[in-house]
Amino acid sequence: MDGSSKQQTVTRRRPLKLVLFLLAIVLVLLIWRFVPAHMLTLEYLQLHLQELKDAVHADPIKSLLIYCGVSILLLTASLPSAALLTLLGGALFGFFQGVIIVLFTSTIGATFAFLMSRYFFQDYFTKKFHNQFDGINNEFKTQGAFYLLTLRLVPLFPFFLVNLAMGLTSISLGQYILMSFIGMIPGSMVYVYAGLSFSNIQSVQDILSPSVVISLVLLGVAPYLGKFMVEFYKNQKAYQGFKRPSKFDYNMLVIGGGSAGLVTAYISSTLKAKVGLIEKKSMGGDCLHTGCVPSKSLIKSAKLVSLNKTAGKYGLKNIKAEFEFSEIMARVQKVIQEITPHDSAERYRELGVDCIEGHAEILSPWEVKVGEKIYTTKSLTIATGAKPTILKIPGIETVFPLTSENIWALKSLPEKLLIVGGGSIGVELAQAFVRLGSEVFIIEGAEHLLSREDEMTSLEIEKALKEEGAVLHLKSTLKEFKTNIALCENSSGSFEVAFDQVLFAVGRSPSTTGFGLEKLKLKMNPDKTINVDSFMRTSLPNVYACGDVAGPYQLTHAAAHQAWYVAVNSLLGIFKKFKVDYKVMPRATYTDPEVASVGMLEKELKEKNIEFDETLYHLSDLDRAIIDGETKGFVRIFTRKETDQILGASIVSTQASLMILEIVTAMKYNLGLNKILGTIHAYPGMGEANKYAAGLWRKNHSPDWVFRWLSKFHKMRRG
């Protein structure tokens, strides 16, 4: 179903909902009209109890149908008199029959109330309070049955509120009916049994004596106690074969000195825990030594070199850039050295972290050996990162494959560089090397580069690379190497690519071997990352993992984000645990123009059948972009249908990684496009593009009747 069809469906539903809602109100009024309030009181029913019993004896089928009908109507309308009819059920039908009848009517009435709440109110509340309901619904995917069962068992929660509240959640109808039926059994038995002495009851509230309430509360927490016992048993089984030390050297021991490990150690130390950090190579990890820092340094140099090709559009005749590739690579190493003190062992020792140099070997969940010394720890964090993947291509032994780790050792510029993989690393380095003078060829199996992005974004980057001279072989497969020749294949047939150097940029594999991790027998994911729960715990509760080794993102800022949860949950989890939140996770690719995205984009929104509006603002309309001669790109924002709630955004611009920050902040703190539109942006600036995009959204969603009325109003004032 396309967007217009969905919109027509939603439009047709609105009058239907209104009609049904009015009918529901009429139903409630009819109940009050034909079943007067005084008839649904304890005193009235006690006074006429014998008449009601005689009616049941004279015509049990008719009496049963009337009783069930009235009970279901009261429950559906969420009226408080339903509890009184539960008591009456015991008085009229006896204990066993009464329990069955009450359970039947209660389940049907609760289900009708649930469906009415879902039909009339779910869309409104989930859109109005989307952040809260996103978290609730995620929780209900795994814990919904437990929550509902507890609410049903504990009489402290009014049942009619439970019915209405559950209708707003994502719990399935089948699960709701089953858990409601089971959960209402104890309470129904209590009320029906009390109803056997209906004539002697002084007040409905007296039925729930403290002892009865306590008993039902204990029943309510029984599922959680059972779950706790199961988890306790599983944990004890997982720890079998390991001997727990009687005391520990550290509260937290971290293996890996990259972004995830450094932040875990820093936060843990800030919380005044005793922390040890083990690193066998250099502090700072891949980001500092082989990833973000060196690649962006190279990209900057290449950017300056490329200015000689664009001098004309700035009114300049010539900008000549003379360089030695070896000097550029020397600058890359200099930048690394300048940043190194930020992540050095000396700095972290000053912060209170014991930095341990050497190879870690895990002996147990609480013991790690480095050299000849064994360190014990209350909590253990694995932050060992990932390493570049090299495909096992026939003939690979005839070439020296470059990766994001060893490419920084190059001393001379490759004349012909073959890049295998069109993700962020591949396209960033492709553009840098083509600007420095290499012939660059990209082999990518997917239909487009940057396959995580939407097609519009990928096409923009493909166009930019082609204009600069890169050769793209999309939907192509590398089959074999033959001494500086790559044999490839696509739908058109076989072809060859000659090269001097080949760079593999096909992803990174988590580092999970070589340090004894297998001894812990942790649960692993299909992609070989360590399986962690929403608190970043592994299948052993005292062992945590974060960063590339845990996934699902291979981003420096994602690793740091996870590390906070690891430190806080491991050290303070006995008081309060925090679930990791990935809802607003930005990413950026530092090509020229840059690409930055956050949230759900078009592909994901369509896959999840989420109705959305798209707002597209082209930078060719932005004053600052025109001034700078950087009009390539756009701001593309996806909002929930008919609201200004931002679901995701993609920006292609020379400053995309900066421009996306406003969108990230708005999404994090539930600020819609109206708030961005009402925010003053400095002129002339690239950030104004976000405001103009918000203005487009406002224009497209302004009701036409308002402007028609305003036109008539102003015409009237003119006389």
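Asp533 forms a salt bridge with Arg537, and their closest N and O atoms lie 2.8 Å apart. A salt bridge here is a side-chain nitrogen of Lys or Arg within 4 Å of a carboxyl oxygen of Asp or Glu. This is a predicted model, in which local features need pLDDT of at least 70 and side-chain atom pairs count only at pLDDT 80 or more, while totals for chains, interfaces and linings use all residues. Residues are numbered from 1 along each chain as its sequence is written, and side-chain values use heavy atoms, with hydrogens and water left out.

Elsewhere, salt bridges that share partners join Lys303, Arg435, Glu468, Asp592 and Glu630 into one network.

In general, side chains of opposite charge can pair when their charged atoms come close. The structure holds 20 salt bridges. Here are some of them:

| Salt bridge | N to O distance |
|---|---|
| Asp533 and Arg537 | 2.8 Å |
| Asp286 and Arg508 | 2.4 Å |
| Lys320 and Glu322 | 3.4 Å |

The side chains of Asp286 and Arg508 meet in a salt bridge. This pair links distant parts of the chain: Asp286 sits in helix α12 (residues 285-289) and Arg508 in strand β15 (residues 508-510), 222 residues apart. Helices (H or I, at least four residues) and strands (E, at least two) are DSSP runs, numbered from the N terminus. Asp286 is partly exposed, with 28% relative accessible area, whereas Arg508 counts as buried at 16%. Lys320 and Glu322, by contrast, are both exposed.

Now for a sheet. Strands of a sheet pair through backbone hydrogen bonds, either parallel or antiparallel. In this model, four strands form an open sheet with parallel pairing, in the order β10-β9-β8-β14. Which strands lie at the edges? They are β10 (471-474) and β14 (501-504), each of which pairs on one side only. Neighbouring strands of this sheet are turned by 15° against each other on average, direction ignored; axes are lines fitted to C-alpha atoms, for helices over the stretch in contact, and angles run from 0 to 180 degrees between N-to-C directions.

Strands β8 (residues 416-420) and β9 (residues 439-444) pair in the parallel sense over five bridges; two strands pair if DSSP finds at least two bridges between them. Ile419 has Ile442 in β9 as its bridge partner.

Technical notes: Buried means under 20% relative accessible area, exposed over 50%, partly exposed in between (1.4 Å probe, protein chains only).
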